[in-house]
Amino acid sequence: QFELRPELNFLAILAADGDGVAAGHLLHKAFVQRCALIALFQCDEAGTFQAGHIVRAAPEERLRVLANTDTITGLPNRHAINELIGSAIETRQPEEQIGLVYFDLDNFKKVNDAYGHVFGDQLLQSVALSILSCLEENQTLARLGGDEFLIICTRTPFDGALQLAETVRAEVAALRVPVGNSQWIGSISVGVASRSCEMTGYEALIKAADLGVYAANVVVGTV
C-alpha cells in the first residue's frame, strides 16, 4: 500500500496514448506540470520501483496530457474518461459488456469545510492510490471532479462490475486518513451500471451509475 510523504510531490498514475487517453503507469506530478521531461516508472505489486526511463515530451503531447489529466490525483479527468467510454462502446464486440462503478466519498465536504482544501486534496490522493492498487488491466479509474470517481470496466458484465464495487468499498473502508487533528474513516457511496442495448452513448451509461450513487447517498443521509 502506498504511503504519501509530505516532502514529495506524490506519484500520480497516468500514461497517455496518442489521443491523450490515460491508462496506468506512474508519473510524477511535477513532470506533468512542467512537462519538459516525463519520467515513466514501473513498479511491482508492492509499489516498489523496478525500472524507469525518461522521455522528452513534445509541446502538443504536453497539452494533450494536461487536457486529459486531473491535476490533484494525476488520474484521467472527466474529458478523458468520457472519450474512453465512448471508444469502448464503439469498438466493443457484440457479446462484450461494459460496466461502470461510480462513487463519491462520504463526508468529503465536511473535511474541506473544517480543514481546508489541502487536507481535502490529500484525502483524494490517498483514496485514488488505494483504489488503483486493486484494479486489473481492463479497469480504469478517473476523477470526475469534487469527490466523484468513476471506474470503467471493459469486457465486464454487471455482476463483475458489482463485485469490483464491493472490492473498492472494502478497500476504502480500511482507510484511516489523517485530516487536521482528526481522521477520515473510509466510506463511499457507490452506483453500478452496465451498458444495455438501448444505450446509444456514454451519457446514458454514466447517468445510470450516477443514479445508483444518488440512491446510496439518500440511504446514508448525505443528500
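These legends accompany several close-up views of a predicted model of one protein chain.

**View 1. The whole chain, with its confidence.** Welcome to the overview, where the predicted protein chain shows seven helices and 10 strands. Of its 223 residues, 44% count as buried. The chain exposes about 11800 Å², and carbon and sulfur atoms supply 53% of that area. Among contacts with a separation of 6 or more, 58% link residues 24 or more positions apart. The mean pLDDT of the chain is 74, and 66% of the residues reach 70 or more. Helix 1 (residues 29–34) has the lowest mean pLDDT among the elements, at 38, while strand 9 has the highest, at 94. Please keep residues 1–41 in mind as you look around: the pLDDT there is below 50, although this stretch has 102 contacts in the model beyond near neighbours in sequence.

View 2. Strand 5 is joined to strand 7 by six bridges and to strand 10 by seven bridges. One place to look along the second pairing is Gly 99, which stands opposite Ser 194 in strand 10.

**View 3. Strand 5, covered on both faces.** Side chains alternate between the two faces of the sheet in a regular strand. Here, one side of strand 5 carries Gly 99, Val 101, Phe 103 and Leu 105, and the other carries Leu 100, Tyr 102 and Asp 104. Both of these faces are covered, and seven of the seven residues in the strand are buried.

**View 4. Phe 103 and its neighbours.** Phe 103 has a bridge partner in each of two strands: Phe 149 in strand 7 and Val 190 in strand 10. Leaving aside residues up to four places away in sequence, Phe 103 touches a list of residues that includes Ile 131, Leu 141, Ile 151, Val 168, Ile 188 and Val 213. Asp 147, Glu 148 and Ser 189 are also among the residues it touches.

**View 5. The largest nonpolar core.** This core has 28 residues, of which Phe 103, Leu 105, Ile 131, Ile 151 and Trp 184 touch the most other members. Several elements give two or more residues to this core, among them strand 5 (99–105), helix 4 (108–115), helix 5 (117–132) and strand 7 (148–153). A second, separate core has 16 residues, including Ile 85, Ala 88, Ile 98 and Leu 150.

View 6. Along the chain, Glu 166 and Val 101 are 65 residues apart, yet their C-alpha atoms are separated by 9.9 Å.

**View 7. The hairpin of strand 8 and strand 9.** These two strands form a hairpin with two residues between them, and Gly 180 in the turn has a positive phi of about 60°. Four bridges join strand 8 to strand 9 (residues 182–185), and the two run antiparallel. In this pairing, Val 177 has Trp 184 of strand 9 as its bridge partner. Strand 8 has one covered face, made of Val 177 and Val 179, and one uncovered face, made of Arg 176 and Pro 178.

**View 8. Two loop residues with positive phi.** Asn 107 sits in the loop between strand 5 and helix 4. Although Asn 107 is a residue other than glycine, its phi is positive, near 65°. Asn 107 is partly exposed, with a relative accessible area of 38%. Now turn to Arg 155, which is found in the loop between strand 7 and helix 6. Arg 155 is not a glycine, yet it has a positive phi of about 55°. Exposed means over 50% relative accessible area, and Arg 155 counts as exposed because its relative accessibility is 53%.

How values were computed: Residues numbered from 1 in each chain as written. Predicted model: local features only at pLDDT ≥ 70, side-chain atom pairs only at ≥ 80, totals over all residues. Heavy atoms only, no water. Buried < 20%, exposed > 50% of the residue type's maximum accessible area, 1.4 Å probe, protein only. Contact = heavy atoms within 4.5 Å. Areas by Shrake-Rupley, 256 points an atom, 1.4 Å probe, with all protein chains shown as cover. Core = buried A, V, L, I, M, F, W, Y, C linked by side-chain atoms within 4.5 Å. Pairing = 2+ DSSP bridges. pLDDT = per-residue confidence, 0-100.
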